[in-house]
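This report describes a single protein chain at the level of its secondary structure, its sheet and its helix packing. Please consult the sequence and the structure while reading.

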Amino acid sequence: MSNIRITKQFSFEAGHALYGYDGKCKNLHGHSYHLYVTVIGTPIDDNTNVKYGMVIDFGDLKKIVKDEIVDVFDHTMIFNKNTPHLELANDLKSRGHDIILVDYQPTTEMMIIDFAEKIKRRLPDNIKLHSLKLRETATSFAEWYASDNE
């Protein structure tokens, strides 16, 4: 049977600041992120299976991505915990703000690598993550492809 790629789109809002950056993005700011998740597999060929003909139920893929990414990152501020932003993050957190501390500079490029690892861990063995696209603005995005990372 043929391999088929399916894609589901997700959206979330988040803010960040890039410590040490030499441009405007050193300041606290936010984005309306759009994440496109593409997986690859063969459609289920067992006509007694309720998911017959599907590579993966879009609802199952949605649950994985919402649990690992959207519900975690939506309406948060993301900071690299290995920078002086930690002090600001802790202050904001003490005031009731949702803060995520990561081990990397929270650029779109580094976030997409993190997201790929989180999603890959949750996919069934017969489904592979093919690619991700993370759009931070209407004209700027990063892409991750499994074939580039083997």
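## Basis of the description

The model is predicted: local features need pLDDT of at least 70, side-chain atom pairs count only at pLDDT 80 or more, and totals for chains, interfaces and linings use all residues. Residues are numbered from 1 along each chain as its sequence is written, and side-chain values use heavy atoms, with hydrogens and water left out.

## Overall organisation

The chain contains three helices and six strands, where helices (H or I, at least four residues) and strands (E, at least two) are DSSP runs numbered from the N terminus. Read from the N terminus, the order of these elements is β-β-α-β-α-β-α-β-β. The C-alpha trace spans about 55 × 30 × 25 Å along its principal axes.

Of the 150 residues, 41% count as buried; buried means under 20% relative accessible area, exposed over 50% and partly exposed in between, with a 1.4 Å probe and protein chains only. Among contacts in the chain with a separation of 6 or more, 61% come from residues 24 or more positions apart, a contact being heavy atoms within 4.5 Å.

## The sheet

The six strands form an open sheet of mixed pairing, in the order β4-β3-β1-β2-β5-β6; two strands pair if DSSP finds at least two bridges between them. The edges are taken by β4 (99-102) and β6, each of which has a single partner strand, so one side of each is left without a neighbour in the sheet. From one strand to the next the twist averages 30°. Angles run from 0 to 180 degrees between N-to-C directions, and axes are lines fitted to C-alpha atoms, for helices over the stretch in contact.

Several pairs are antiparallel. β1 and β2 pair in this sense over 13 bridges, with Ile 6 opposite Val 39 in β2. The antiparallel pairing of β2 with β5 has seven bridges, and here Tyr 36 stands opposite Lys 133 in β5. β5 and β6 are likewise antiparallel, over six bridges; Leu 134 faces Ala 142 in β6, and a hairpin of two residues joins β5 to β6. By contrast, β3 and β4 run parallel and are joined by four bridges, with Ile 99 in β4 as the bridge partner of Met 77.

## Helices on the sheet

α1 lies across β1, β2, β3 and β4, running at about 20° to β1. α3 also packs on the sheet, where it touches β1, β2, β3, β5 and β6, and its direction makes about 145° with that of β5.

Helix α3 (residues 108-122) has 15 residues and reaches 21 Å from its first C-alpha to its last, close to the 21 Å expected at 1.5 Å a residue; the expected span is 1.5 Å times one less than the number of residues. Its buried residues are Thr 108, Met 111, Ile 112, Asp 114, Phe 115, Ala 116, Lys 118 and Ile 119. An α-helix has 3.6 residues a turn, so residues three or four places apart point the same way. The cover over the buried residues of α3 includes β1 (4-16), β2 (29-41), α1 (58-73), β3 (76-80), β5 (128-137) and β6 (140-145).

## The contact of α1 with α3

Which residues of the two helices meet in the contact of α1 with α3? Ile 64, Val 65, Asp 67, Glu 68, Ile 69 and Phe 73 in α1 meet Asp 114, Phe 115, Lys 118, Ile 119 and Arg 122 in α3. By class, this contact has six nonpolar, no polar and five charged residues. Here Ala, Val, Leu, Ile, Met, Phe, Trp, Tyr, Cys and Pro count as nonpolar, Asp, Glu, Lys and Arg as charged, and the others, Gly among them, as polar.

The two helices, α1 and α3, pack at an angle of about 145°, with their axes 8 Å apart.

## Two loop residues

His 75 is in the loop between α1 and β3. Although His 75 is not a glycine, its phi is positive, at about 55°. Most residues other than glycine have a negative phi. His 75 is exposed, with a relative accessible area of 57%.

Gly 53 is in the loop between β2 and α1 and is partly exposed, with a relative accessible area of 48%. Gly 53 and Pro 43 are 10 residues apart in sequence and 4.9 Å apart in space, C-alpha to C-alpha. Leaving aside neighbours within four places in sequence, Gly 53 is in contact with Pro 43 and Ile 44.
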